[in-house]
Amino acid sequence: MNQAHVHKVLTLQHKTQDAEALFEQRLAANLGFIQRLFFKLYGQPEHVPYFDALLERLSELFKGRPKALKKLDVERVKAGNWYQSEQIVGMQLYVEHFDKDLKGLHQKLPYFEELGVNFLHLMPLMTRPSGESDGGYAVNSYHKVDSKYGTQKDLLDLTQAMRAKGMYLMLDFVVNHTSEEYPWAKKALKGVKKYQDYYYMYADDTLPKEFEKSLPEVFPETSPGNFTYQSEIDRWVMTVFNHYQWDLNYTNPEVFLEMLSNLMDMVNLGVDFVRFDALAFLWKKMGTISQNLPEAHELVQLFRMSLQVIAPGTILLAEAIVAPRDILKYFGEGHMQGNECEVAYNASLMALLWNSIATKKTLLLQKTLERIPDKPKECTWLNYVRCHDDIGLGYDDQLIEEIGWNPFMHRKFLLDYYCQRLQWSPATGLLFMYNPKTGDGRITGSAASLLGLEKALKEKHLPKIQTAIAKITLLHGIIMAYGGIPMLYAGDEIATLNDYSFLKEADKKEDGRWVNRPKQNWKVLEEPRNKKKPQITVFESLKALISLRKKHPVFADSNPKVLHYSGNDHLLVFERIDDEGSGILVLANFDEVPQAVEAGWMTKLGYLNEGKAKDLISGKSYTMSSGLLELEPYQLMWLAKS
Ligand code: GLC
């Protein structure tokens with residue numbers, strides 16, 4: 001062995017030892033938390049051996065973590081709140097609809113670079129049942145890539161290429177349920193008791209009936225009820241989502257241990273962000289709605305603290321599409337603040353933006369933002385306009401009432417406005433999961449169609465087309481500036497309309513969410529880019545907004561956001577500021593006519609210089625001779641401090 005080689009080997013040993021030593025340190029630092037959480041959930045004497053098993057599992061799983069990722073973990077821990085950077089802009093996409101498979105996606109990485117997107121959320125990629133699979137959210141495996149996307153190697157090649165480009169990857173961890181074809185479910189169906197105990201399984205329907213008294217229905221039209229009878233074994237199994245998605249029984253500590261291993265198998269593929277799917281549902285208790293229970297939070301914290309020891313560079317995203325006050329709790333409360341999920345979907349902002357579009361007013365948005373406590377400083381929102389799911393009307397009823405609206409009637413108005421029940425409405429959405437028992441319903445459709453582009457194009461009405469484009473830009477400009485990670489939904493950057501082809505597919509036609517899971521229209525991007533085309537106008541505007549965001553570190557989520565009330569109910573106004581005195585004032589007009597705002601207070605804040613305001617988006621300077629700043633219909637301004 002030559003000297004250089006000896007040195008290399010020694011350095012490597014040293015580095016590995018370092019990683020080991022750091023692991024031991026992290027374990028020592030977090031052991032108290034882990035122990036407390038574990039015994040809170042699993043407090044019976046028979047649970048004690050499982051705690052020892054967990055400790056063993058942690059070190060086993062750490063050993064299995066690839067070296068390159070261990071190194072990245074250490075760098076990220078040093079970098080602190082790296083996920084709050086203004087440089088991160090995401091896109092969510094279905095690999096098969098984007099460019100066929102993982103290899104196709106790999107080739108399209110330059111597209112994201114052009115747009116400025118450096119964070120990808122790939123929709124479920126793992127094996128799933130061949131018929132209905134809830135778009136892959138019924139999983140047959142947590143780490144085996146489904147052959148329709150390519151191979152494991154294709155995924156590893158992609159994650160490696162993304163890392164080399166400084167891009168981040170998010171995958172779903174479907175933590176609440178497996179498919180009915182998952183190996184555990186299959187064994188349960190063969191009568192193996194051990195695996196029947198991995199699910200909520202009952203010999204008759206007495207307990208299921210008791211549960212049903214308080215459990216709401218997620219998919220009342222297609223999968224009513226929360227239990228499914230399994231004739232092979234004469235048992236009832238809990239299936240809160242679809243009948244083929246079996247809820248995991250986390251009261252069994254073995255399930256937690258096995259799911260932790262499954263999580264690591266997935267994370268070790270090179271996943272930076274884990275989307276914790278449907279995490280509000282993780283714990284069930286008779287007599288409750290079995291959502292957002294304290295135990296569900298403790299369980300997520302136990303996953304988080306375990307990851308903190310094994311793979312601390314991994315970030316958790318809470319997919320909790322629940323009431324505004326309940327979402328916040330997924331950041332952790334009290335002494336666990338910041339120790340649950342670092343990121344959460346800002347479902348409240350999303351739903352309130354859609355409310356503001358329909359009402360042309362920002363009253364409910366403003367009121368909710370004022371009333372809901374701020375997120376913890378180290379945590380971050382994932383802000384989005386649309387995603388693959390429906391839009392739920394998760395508003396705070398009390399706040400609706402304070403405005404003077406009737407919550408029931410208001411929700412009805414929104415469903416009517418978006419779901420083609422009002423002739424004058426520009427929106428072409430579909431009503432999703434309307435429940436006549438409760439009057440609840442949700443909305444689905446693409447951003448462009450919901451914002452009027454589909455109808456305007458059909459009518460060949462140029463001003464309406466322009467209005468729809470302005471609305472698309474407005475909503476996206478807000479999520480770029482709001483604070484947190486903006487996540488585009490693939491297709492929205494080129495104003496993709498509803499895709500009705502799902503109606504012809506047997507395993508999709510019942511699920512209206514497919515109307516907004518379109519194939520990427522490469523034609524429109526590959527043809528000479530005609531700026532007169534709405535798709536290209538939207539593409540160029542969003543690209544410009546992304547680039548502008550990245551030029552202004554004040555947009556980093558470590559900097560605060562200050563909400564202002566402008567005195568005009570059609571406007572949303574907030575400010576981003578940093579310690580060095582930089583600031584950007586965001587003004588958004590939700591009305592179809594111009595709206596004005598008194599400008600004096602802007603002078604005090606430093607946004608007017610000799611009666612002039614400089615808008616970064618249009619590049620224009622506005623002179624306010626009358627003392628009023630006027631915004632065009634659906635105009636968005638980012639005013640710079642002068
Ligand atoms: C999440 C997903 C949704 C899926 C559900 C069940 O809410 O976003 O698409 O149907 O979980 O896994």
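User: Is S290 buried or exposed?

Analyst: S290 counts as buried, at 2% relative accessibility. Buried here means under 20% relative accessible area, with a 1.4 Å probe and protein chains only. This is a predicted model, where local features need pLDDT of at least 70, side-chain atom pairs count only at pLDDT 80 or more, and totals for chains, interfaces and linings use all residues. Residues are numbered from 1 along each chain as its sequence is written, and side-chain values use heavy atoms, leaving out hydrogens and water.

User: Thanks! Where does S290 lie?

Analyst: In the loop between β9 (273–276) and α12 (294–310). Helices (H or I, at least four residues) and strands (E, at least two) are DSSP runs, numbered from the N terminus. The phi of S290 is near 55 degrees, a positive value in a residue other than glycine.

User: And what about M433, where is that found?

Analyst: M433 is found in strand β13, residues 430–435. M433 also has a positive phi, about 55 degrees, although it is not a glycine. With a relative accessible area of 3%, M433 is buried.

User: Zooming out, how many helices and strands does the protein chain have?

Analyst: The protein chain has 23 helices and 23 strands.

User: And how much of the chain is buried?

Analyst: Of its 642 residues, 59% count as buried.

User: Which domains are assigned?

Analyst: An automatic or database domain assignment gives domain 1 (18–169 + 268–276 + 291–343), domain 2 (183–246), domain 3 (346–551) and domain 4 (561–640). The centres of domain 1 and domain 4, taken over C-alpha atoms, are separated by 39 Å.

Conventions
Buried < 20%, exposed > 50% of the residue type's maximum accessible area, 1.4 Å probe, protein only.
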